[in-house]
Amino acid sequence: MTEPTPRRAVVELFSSQGWPVGGEELFARSLGPRSPEMLLEAPGWLGLGAGQLVLDAGCRDASYAAELVRRYGCRAVGVDLVLAGVPESGADEAADAAYGRISLIQGDIEALPLADGAVDLVWCRDTLSCLPDCARALAECARVLRTGGGMVLYAVFTADRLEPGDRALLVEGLENSAGSMDQPTVEAAIAAAGFDVVRRERIGSEWSEHWLEQDPAYLTQDLLELARLIRDRGRLEEALGPVWYRRTLAFDLWRLQIVLGRLVPVLYALVKGDLNRSGAAAGSARPRS
C-alpha cells in the first residue's frame with residue numbers, strides 16, 4: 001500500500017531525505033557581492049576630473065557631493081526641494097574643505113535653476129523614484145550637462161514579483177511615482193533625453209549582501225520596527241497618524257524588499273550625446289537662467 005503523499009512529504013522534510021551532503025554550504029558560501037563603493041567609482045568611469053563641476057540632483061545634506069569633491073577634486077552644486085543643510089564646521093578639516101567647494105540651491109529637478117551646459121557631470125542617487133515625471137527630469141539633467149558630459153544614475157525599480165499591496169505601500173505610501181519606478185519607462189526617457197548608456201549594472205541585492213556579510217546585524221532595526229508597527233498597530237497608528245504610520249511601514253520594508261528581489265536597484269553610467277542628432281531630445285531642452 002502506497003503511503004499517502006502528505007505523510008511521505010512530512011517524513012522526507014523532517015528526516016532530511018534527499019537533502020544533499022553538505023547542502024548547507026551551498027548557500028552559506030559568499031557569492032562575492034560587489035561593494036557599494038562602486039557607486040562612488042562610477043564618476044571615474046565617466047572621466048570626472050579635478051576642477052570639473054558636478055550637479056548633485058537630489059542632494060539633501062550634500063554628503064555624497066562632499067565625498068565626490070574629496071575623491072575627485074571637483075566642485076559641486078547641490079539641488080533639492082528639501083535641503084537638510086551641511087554639517088557644522090570644525091569637526092573635520094577635510095570635510096570642511098570639501099563642503100567649502102559645494103553650493104546648495106533649493107530647487108526642483110524637473111526645472112533646474114542652472115544654465116544650459118553648465119555642468120560636467122550629473123549625479124543622481126536614489127532620487128528618480130520621487131519625481132512625478134522622469135522624462136522631464138532627465139531632459140533637465142541633459143540640458144544643464146555639457147555635450148559629452150556624463151551622468152551617474154542610481155535608481156530603484158519595482159519588479160513583477162512585488163505584491164500589489166506592497167507595491168501600493170512602497171509607491172503610493174511614499175508618494176513615489178509608478179512611472180519613475182518602471183525600468184522600461186525610465187530607459188525610454190534616458191534615450192529621449194539624448195543619453196547613451198555606457199554601463200548598466202543591475203545591483204539587485206548585491207550591496208545588501210555585502211553589508212550583511214560585513215555586519216550580520218544589518219537590517220535588524222528595520223525588522224524590529226516592522227514587528228512593533230504590526231503588533232502594536234493601534235497605539236502607533238494613533239500616535240503617528242495614519243499617513244506617517246503607512247510611511248514608516250514603507251521605509252522599514254524598502255531594504256527588505258530589495259533583499260527579496262521585489263525592488264531592483266540599477267546603476268547607470270550615461271553620456272550626453274549631440275542633441276542635434278535627436279529631434280525629440282533637442283525639443284525637450286528648455287533655456288533657464
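1. Arg 146 is partly exposed in this predicted model. Its relative accessibility is 31%. Arg 146 forms a salt bridge with Asp 120, and the closest N and O atoms are 2.7 Å apart. Asp 120 sits in strand β4 (residues 119-125) and Arg 146 in strand β5 (residues 145-158). The pair links distant parts of the chain, 26 residues apart. Asp 120 has a relative accessible area of 18%. The cut-off for buried is under 20%, so Asp 120 counts as buried.

2. β4 deserves a look of its own. Six of its seven residues are buried, so β4 is largely enclosed by the rest of the structure. β4 pairs with β5 in the parallel sense, over six bridges. Within that pairing, Cys 124 stands opposite Leu 153 in β5. β4 also pairs with strand β1 (residues 53-57). That pairing is parallel too, over three bridges. There, Asp 56 has Trp 123 of β4 as its bridge partner.

3. Next, the sheet as a whole. Seven strands form an open sheet with mixed pairing. The order is β3-β2-β1-β4-β5-β7-β6. β3 (102-106) and β6 stand at the edges. Each has a single partner strand, so one side of each is left without a neighbour in the sheet. Neighbouring strands are turned against each other by 15 degrees on average, direction ignored. As background, strands of a sheet pair through backbone hydrogen bonds, either parallel or antiparallel.

4. What is the sense of the pairing between β6 and strand β7 (residues 263-272)? The two strands pair in the antiparallel sense, over seven bridges. Arg 199 has Ala 269 of β7 as its bridge partner.

5. The side chains of Arg 34 and Glu 201 meet at 2.6 Å, N to O. Arg 34 lies in the loop between α2 (23-28) and α3 (37-45), whereas Glu 201 lies in strand β6 (residues 195-202), so the pair ties together parts 167 residues apart in sequence. Arg 34 counts as partly exposed, at 29% relative accessibility. Glu 201 is buried, with a relative accessible area of 14%.

6. Glu 187 is partly exposed at 24% relative accessibility. Arg 200 is partly exposed as well, with a relative accessible area of 45%. In total, the structure holds 14 salt bridges.

7. Now a helix contact. How do helix α11 (residues 233-240) and helix α12 (residues 242-259) cross? Their axes come within 6 Å, at a crossing angle of roughly 115 degrees. The crossing is right-handed. On the α11 side, the contact uses Arg 233, Leu 236, Glu 237 and Leu 240. On the α12 side, it uses Pro 242, Trp 244, Tyr 245 and Thr 248. These residues divide into five nonpolar, one polar and two charged.

8. Last, the chain totals. The protein chain has 13 helices and seven strands. Of its 289 residues, 42% are buried. Take contacts between residues at least 6 apart in sequence: 78% of them join residues at least 24 apart.

How values were computed
Residues numbered from 1 in each chain as written. Predicted model: local features only at pLDDT ≥ 70, side-chain atom pairs only at ≥ 80, totals over all residues. Heavy atoms only, no water. Axes fitted to C-alpha atoms, helices over the stretch in contact; angles between N-to-C directions. Helix = DSSP H or I, 4+ residues; strand = E, 2+ residues; numbered from the N terminus. Left-handed = near helix turned anticlockwise from the far one by under 90°. Contact = heavy atoms within 4.5 Å. Nonpolar A, V, L, I, M, F, W, Y, C, P; charged D, E, K, R; others polar. Salt bridge = Lys/Arg side-chain N within 4 Å of Asp/Glu carboxyl O. Buried < 20%, exposed > 50% of the residue type's maximum accessible area, 1.4 Å probe, protein only. Pairing = 2+ DSSP bridges.
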